[in-house]
Structure formats: C-alpha cells, structure tokens
Amino acid sequence: MGVSLKDVAQRAGVSIKTVSNVVNNYQHVTPQMRAKVQQAIDELGYRPNLTARHLRKGRTGIIALAVPEFGNPYFAELAGAVVDAAARHDYTVLVDHTGGLREKELLVSQGFRSHVIDGLILSPIHLETEDLMARTETAPLVLLGEREYEAPYDHIAIDNVAASRDAVRHLVDRGHRRIAFLGSRTGRERQPAHLRLRGWREELAASGIEPDESLIVVTDGYGREDGARAMAALLDRGERPDAVFAYNDLIAIGAMRTLASRGLRIPEDVAVVGFDNIEESLYGATTLTTVAPDKEAIARLAVDSLVERLSGSPVPEPRRPRPGYRLVVRESTGPDRGTDPAS
C-alpha cells in the first residue's frame, strides 16, 4: 500500500492540510515547516497522486503539442523541450502530428481530443487568422512559429527578420557579396520563409549590396533533398554564389552535399549558413554555422502561458513574447574560431 498524506503528517507531527500545502507548493508555509514536512516526505518516499490532483481541479493533467512534421529534427528537439517544461508543472504532453495539412490543423485547433487534454500548443502552417477567430473550443491555445496572426491567443516566436539579418551580416562581414537564399516558397502558408527572405533583402540593402533575385531558389519542401536540388539548380544555371543562407539547417545540409559533389570547397568557394541549430548541424564533415533559436525558452514560455491560463487567474490577452536566439559560428563560414565549442 502506498504512502498517504496522513502517513507523512503523522511522521512530521503536523496536520494533513499542512502536508498538502507543502506538496502543492503553497507559499504561506514557513521555511522551517516546509523543511520538516519535506524530510518526512523523503524518509517515507511519498509520491503525490498527480492524476487525483488534476481531477480535483477538473483537469486531465495532459496538454497537447501539435507540430507539422516529425521528420524535421527541429520539431523533435522542440517537443523534447516542451515535455521537460511541462513536467515541471506536473503535466504530461500528448504530441500530435498534423503533417502540415490544413484539415488536420483545423481539426486539432477546433477541439479534437478536447475530452482528453486541458490545453493545446500548436505550430500551424496553413491556418489563417480567420480560422483562429472562428475557433469555438474553450480550452486554452498557445501558438508557436513565425506566422503572424491577429488572433486573441498567446503566440511565441523569435524575431525571424532580425535573426536572418544577423546571419546575412555575418556573411557580408566575411567578404561575401553573392549570397543566395535557398528555401523561398510562394503562398501565404510559408510566411516564415518570407520573413527570413525579408531579412536577407534588408541586410543586403543595408550593406550596400543590391539583392540579386536570381539567387533566390524556390523549394517544394524544407528537407535535405530540397536543399540539394536547389543548390544543383542554382549551379546548373550558372549562378554560382559565394555564400548561401538557407531557410533551415536541413536545406543547408542538402546544399552542402551538392557543393561537395561538384568539387566546391566549404567555405573557401561557398560559405553556408543555416537556421535552427539542430544537432545534426554539429556532426557533418563540415560543421554548420546556424541561427540557434532558444528552444528551451520557446518551450518554457509556451507551457507557462498555457498553465497560467489554466489556473483561471486573470491574464492580459494576447501576449507575444520574443524568445532569444544567437548565431553559432562554425566551420561552414570560415575557420572554427572556437566561439561556441559546446554547441
């Protein structure tokens, strides 16, 4: 039979209510009393019944995270960070996969599995502001990703334009002038690509370089194969750049493969910068310079926002915090200067 609150109370010589206050981390317990109860908890090996706790609050103790694709390591790494952040609030995370399909995003956002989850963190690709405004589901929703919405939901996203400008400025500072952009795609559903492309254009112009639209390559997707094909298409039409800024690390890695197969050296002939700082970017034959969004901060802000709204406390709406990012300089843009050896 498991250890109960009553057992802990008897061992500590306090009331069951005091033990409950400590277990639930209420603030009006003195440090001395908290230490006394915690010692009893440790000695008896008490573990709170989280399911019962959530049920008493009318909750399931489960939140959902819906991402576009599992094949992209960025989303896998982000999901891990969300699971860790949720665990600090005693929440379990149900991870769902929309496949980047509009109908699945609509299904998830409109309350699919609402009887199972307390709230939803969603990274949409195809949803429009109108879809979110028409949402009738009452469970809290927090948005991730760089699409811009005018909807009454918390939205966690880094500044893509500023981050892209930093990446391009790094290339310009290293003497590059013919800087290609791989990963542009027409259509409103790929707004993050447009924001990063905007950063590319703005920084080139600010550096006195006329943006060469012939160096922009449209891709069907955002994987390694797309990057390899885009780089090949650029080279095949005689538009060899001296540097590449890719929409994400997967495209950058694919582009680097094509460059190597064509006998071009990285970074001596063509420098490359990616975006996302996935683990793979550190383990290629040439390590990849990349923009590193703070995934832990993104996850923490998303989970904290959701939990705060679940608490029922008055919260101003909507909130749009900007997590940080940094440019991690590695071998693909020049000799490794040892600026970020742990990344």
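Me: Is Phe-70 buried, partly exposed or exposed?
Reply: This is a predicted model, and in it Phe-70 has a relative accessible area of 47%. Since buried means under 20% and exposed means over 50%, a value of 47% places Phe-70 in the class that is partly exposed.

Me: Where does Phe-70 lie, and which residues make the nonpolar surface patch with it?
Reply: Phe-70 lies in the loop between β1 (62–67) and α5 (73–87). The nonpolar surface patch, of about 230 Å², is made by Phe-70 together with Val-83 and Val-95.

Me: How far apart are the end C-alpha atoms of α5, and what span should its 15 residues have?
Reply: The expected span is 1.5 Å times one less than the number of residues, so the 15 residues of α5 should span 21 Å. The end C-alpha atoms agree with this, being apart by 21 Å.

Me: Is Lys-295 buried or exposed, and which backbone oxygen does its side chain reach?
Reply: Lys-295 is found in helix α12 (residues 295–310), and because its relative accessibility is 8%, it counts as buried. Beyond its neighbours within four places in sequence, its contacts include Tyr-74, Leu-78 and Ala-81, three residues that are themselves buried in α5. The side chain of Lys-295 reaches, at 2.8 Å, the backbone oxygen of Asp-276.

Terms used. Residues are numbered from 1 along each chain as its sequence is written. This is a predicted model: local features need pLDDT of at least 70, side-chain atom pairs count only at pLDDT 80 or more; totals for chains, interfaces and linings use all residues. Side-chain values use heavy atoms; hydrogens and water are left out. Patches are made of residues with over 30% relative accessible area and no salt bridge: like charges are joined within 9 Å, nonpolar side chains (Val, Leu, Ile, Met, Phe, Trp, Tyr) within 5 Å. Accessible areas come from the Shrake-Rupley method with a 1.4 Å probe; for residues, only the protein chains shown count as cover. A salt bridge is a side-chain nitrogen of Lys or Arg within 4 Å of a carboxyl oxygen of Asp or Glu. Helices (H or I, at least four residues) and strands (E, at least two) are DSSP runs, numbered from the N terminus. Buried means under 20% relative accessible area, exposed over 50%, partly exposed in between (1.4 Å probe, protein chains only). A polar contact is a pair of N or O atoms within 3.5 Å; within protein, one must be able to donate a hydrogen and the other to accept it, and residues adjacent in sequence count only if both atoms are side-chain atoms. Contact means heavy atoms within 4.5 Å.
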